[in-house]
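Student: I would like to learn how to read the features of a model like this one. Please take them one at a time.

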Amino acid sequence: MAADRSPFIHRRWPYYPPPRLIFWTAVFAALIVFLVFHSPPPDAPPDRRPTAAWGGQGWERRVLASARPRSNSPSHAAGRGHLSVLVTGAAGFVGSHVSLALKHRGDGVVGLDNFNNYYDPSLKRARRRNLDRAGVFVVEGDINDAALLSKLFDIVAFTHVMHLAAQAGVRYAMKNPASYVHSNIAGLVGIFEACKSANPQPSIVWASSSSVYGLNSKVPFSEKDQTDKPASLYAATKKAGEEIAHTYNHIYGLSITGLRFFTVYGPWGRPDMAYYFFTKDILKGKPISIFEGPNHVSVARDFTYIDDIVRGCVASIDTAQESTGSGGKKKGAAQLRVFNLGNTSPVPVSKLVNILEKLLKTRANINVLPIPRNGDVVYTHANISYAMRELHYKPTTDLQTGLKKFVHWYLDFYSGNAKWVP
Ligand SMILES: NC(=O)c1ccc[n+]([C@@H]2O[C@H](COP(=O)([O-])OP(=O)(O)OC[C@H]3O[C@@H](n4cnc5c(N)ncnc54)[C@H](O)[C@@H]3O)[C@@H](O)[C@H]2O)c1
């Protein structure tokens, strides 16, 4: 019995663990379970977060009300019938402007956006408030949610889908490649799948990008040029999107129009784009970096004002022919188009900074650096003759005028006074 009390016996692993050990083991196990189920993986793409709940009678009523065109809409008067458009990426920069333009002229519009945090989601929510006031309901959800898309098509016979949701940005692709595959490849396929199964099938207009021209050195860039040398993963996903569009047009008779936007800027713009963060940094007195190409060549962009882009998007909807299939079956050849939407007058980034300095009445503290090899190209310039012919597209805003409107909005917005001026 004395041996039972020896120190040796007490150091052995006890057969029945003491209550304190059981307690801490349980706490530790619970913590691990919590972390496994509640933490996102370290590099989770921002748009993979769970989406808000949707559905229910109130939700369906809001979708229906938003999708209803005005009885005297100009589209109807022009013989195109009543339009109901599903706009994906509606809380985004281009999507919010296009949604408002369509709603203002009397079309029915339902928005869809996942409000991801690639850039400050509070800007997306501010855009959503503008849309709300105009009678556009933006559904919170992901384009990869097949059940949500199928529900939306059950409720509304959309005549058109304006597909603008995407993971944008060239440099971020090196940080979070999966988000580009998720939104620009899988998401695009999800949209095409929903459209091909819908009855009637809608016509689709979607955003490709000027970045598909990649390492192309022939300028100005024409839709007939080869686009098989993308310089970034972003560009590669947009190029892949154009090929996927061809497949869905060929197999299912979907009418599809791809738009290659060239550096869009303007009020309610994107904080990850140079004109936007240059403005922020100049005002804060922070240094800004501008890049130059080999042999000190200026980096230049064909900056295109948002209102011109919106007119190109709306004209694409108005000239889109109907899809020919129904319920997943093709009934005949359907329209397949790709247009450049640019301003067709490239401006060096140094000139953009000069204009901003004058508008902000502040000197910029500029560092000139060689262009990094992270996907940016030295020069973009759109040949827009095809869009001019087919869409009557004619950009009217030069960079000085457009930046003046942007700066005016920026100062108002960040002082809490911005009103939507369409
Ligand atoms: N702005 C430009 O200069 C430019 C140039 C070329 C091409 N584009 C293309 O035009 C389109 C619109 O661009 P933008 O400048 O308005 O960008 P944006 O980021 O402001 O808008 C995209 C919107 O899509 C949403 N979104 C992203 N992934 C989604 C998903 N999986 N499900 C639902 N919503 C999702 C985002 O939350 C965002 O609000 C994009 O396809 C972009 O690639 C833009």
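Tutor: Start with the names: helices (H or I, at least four residues) and strands (E, at least two) are DSSP runs, numbered from the N terminus. Pro220 is found in the loop between S5 and helix H9 (233-252). The model is predicted, so local features need pLDDT of at least 70 and side-chain atom pairs count only at pLDDT 80 or more, while totals for chains, interfaces and linings use all residues. Residues are numbered from 1 along each chain as its sequence is written.

Student: Which peptide bond joins Val219 and Pro220?

Tutor: A cis one, with omega about -10°. The bond from Asn199 to Pro200 is also cis, with omega near 5°. Pro200 is in the loop between H8 and S5.

Student: In what order do the 7 strands form the open sheet?

Tutor: In general, two strands pair if DSSP finds at least two bridges between them. Here the order is S3-S2-S1-S4-S5-S6-S11, with parallel pairing. Strand S3 (137-140) and strand S11 (336-341) stand at the edges with a single partner strand each, so one side of each has no neighbour in the sheet. From one strand to the next, the twist averages 20°.

Student: How many bridges join strand S2 to S3?

Tutor: Strand S2 (residues 108-113) is joined to S3 by 4 bridges, and the two run parallel. Val110 has Phe137 in S3 as its bridge partner.

Student: At what angle do helix H12 and helix H14 pack?

Tutor: Axes are lines fitted to C-alpha atoms, for helices over the stretch in contact, and angles run from 0 to 180 degrees between N-to-C directions. Helix H12 (residues 349-360) and helix H14 (residues 399-413) pack at about 45°, with axes 10 Å apart. That makes H12 oblique to H14; angles under 35 degrees count as roughly parallel, over 145 as roughly antiparallel, 65 to 115 as roughly perpendicular and the rest as oblique.

Student: Which residues in H12 and H14 meet?

Tutor: Two residues are in contact if their C-beta atoms, placed from the backbone, lie within 7 Å. Leu352, Ile355, Leu356, Leu359 and Leu360 in H12 meet Leu399, Gln400, Leu403, Lys404 and Val407 in H14.

Student: Which residues around the ligand come nearest?

Tutor: A residue is near a molecule or strand if its C-beta atom, placed from the backbone, lies within 6 Å of it. Of the 28 residues around the ligand, the nearest are Gly89, Gly92, Phe93, Ala166 and Ala207. H5 gives the most to this shell, with 3 residues.
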